[in-house]
Amino acid sequence: MPKAETITSAANPLLKDVRRAIARGGLTAQGLCVAETFHLLEEALRSHCEVGTVLAAESAVARVRVPARVQVAVVADRLFQSVAATESSQGVIALVKPRTWDLWDLWDLVRGTALVVVLDGVQDPGNAGTIVRAAEAFGATGVLFLKGTASPFNPKTLRAAAGSLFRVPFAHGVEPAAAREALEQNRVKLFAAVPAGRSAAEVDLTRPCGLIIGSEARGVGAVLRAAAQPVGIPTVGVESLNAAMAAGILLYEARRQRGL
């Protein structure tokens, strides 16, 4: 492990910056995302992301294994707990420079048999991150975070995605009308997840397609709903499923049709 510096003051500018980023659910002033847990640190390094600094609690610093180029800052355990986003912290926070794409950059990566996941107002960071994890697992080619959706840089989103946000191409803050225009121009068939839509097993998900997952409370917004074919998941005894669960099932069905 490279030589570590020690932080002893709660007023340290780096700690204050990390606290603000966690409170806002976004990036630090330097544009870094707050990735807490050893797993996320390992996933960031494995995915060849740029890790700027690692904050390590004194009790956990011996477990930190990073390249010599990565700066490590040791923080007293009690002080670290005042910064950490989780109640039972593992004692490590990686500040990672995220890869970012705008809508049209992203499209260059999803041509051909595209399978794009569109998050339209999914506000729970845990749901958003879990959907990105499922997107990677079932071969999605990109994810769009529309305006009103939880930030991909929210520490809770990052933890739920478990490293997938370091690898899956995504664009965020996209206006619904712009997303619709880009997808339609590139002949991507849109499917909106709704409780009473046609069964996913009965529609063709082998062609370039976009799966739209709507807000937990209101469903898919009017802009995209007007351009999409409704698709649903047959259930017994319940009307609808959690957004992340529904997305996982639809993504699995797309993967099944395309040949596991």
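Residues are numbered from 1 along each chain as its sequence is written, and side-chain values use heavy atoms, with hydrogens and water left out. Because the model is predicted, local features need pLDDT of at least 70 and side-chain atom pairs count only at pLDDT 80 or more, while totals for chains, interfaces and linings use all residues.

Helices (H or I, at least four residues) and strands (E, at least two) are DSSP runs, numbered from the N terminus. Two strands pair if DSSP finds at least two bridges between them. Contact means heavy atoms within 4.5 Å. E1 pairs with strand E4 (residues 71-75) in the parallel sense over four bridges, and Glu-5 stands opposite Ala-73 in E4. E2 and strand E5 (residues 92-97) run antiparallel and are joined by four bridges, with Val-34 opposite Leu-95 in E5.

In strand E2 (residues 33-36), Cys-33 and Ala-35 point one way and Val-34 and Glu-36 the other, and all are buried. Buried means under 20% relative accessible area, exposed over 50%, and partly exposed in between (1.4 Å probe, protein chains only). Thr-37 lies in the loop between E2 and helix H2 (38-46) and has a positive phi, near 120 degrees, in a residue other than glycine. Thr-37 is buried, with a relative accessible area of 18%. His-48, in the loop between H2 and strand E3 (50-57), also is not a glycine and has a positive phi of about 60 degrees. His-48 is exposed, with a relative accessible area of 69%.

The other sheet described here is open, with six strands in the order E8-E7-E6-E10-E9-E11 and parallel pairing. Strand E8 (170-174) and E11 are the edge strands, each pairing on one side only. The twist averages 30 degrees from one strand to the next. Helix H7 (residues 176-185) packs on the sheet and touches E6, E7, E8 and E9; its direction makes about 150 degrees with that of E7.

On a 1 Å grid over the protein atoms alone, a cavity is a set of points where a 1.4 Å probe fits but cannot get out, and a pocket is an open set with protein on both sides within 12 Å along at least five of seven lines; lining residues have an atom within 4 Å of a point. Grid points are joined across faces, edges and corners, and a volume is the space filled by probe spheres set on the points. The largest pocket has a volume of about 400 Å³. Its lining has 23 residues, of which Ala-193, Val-194, Pro-195, Ser-240 and Leu-241 lie nearest the centre. Residues lining the second largest cavity include Cys-33, Pro-98 and Phe-170.

Notes: Axes are lines fitted to C-alpha atoms, for helices over the stretch in contact, and angles run from 0 to 180 degrees between N-to-C directions.
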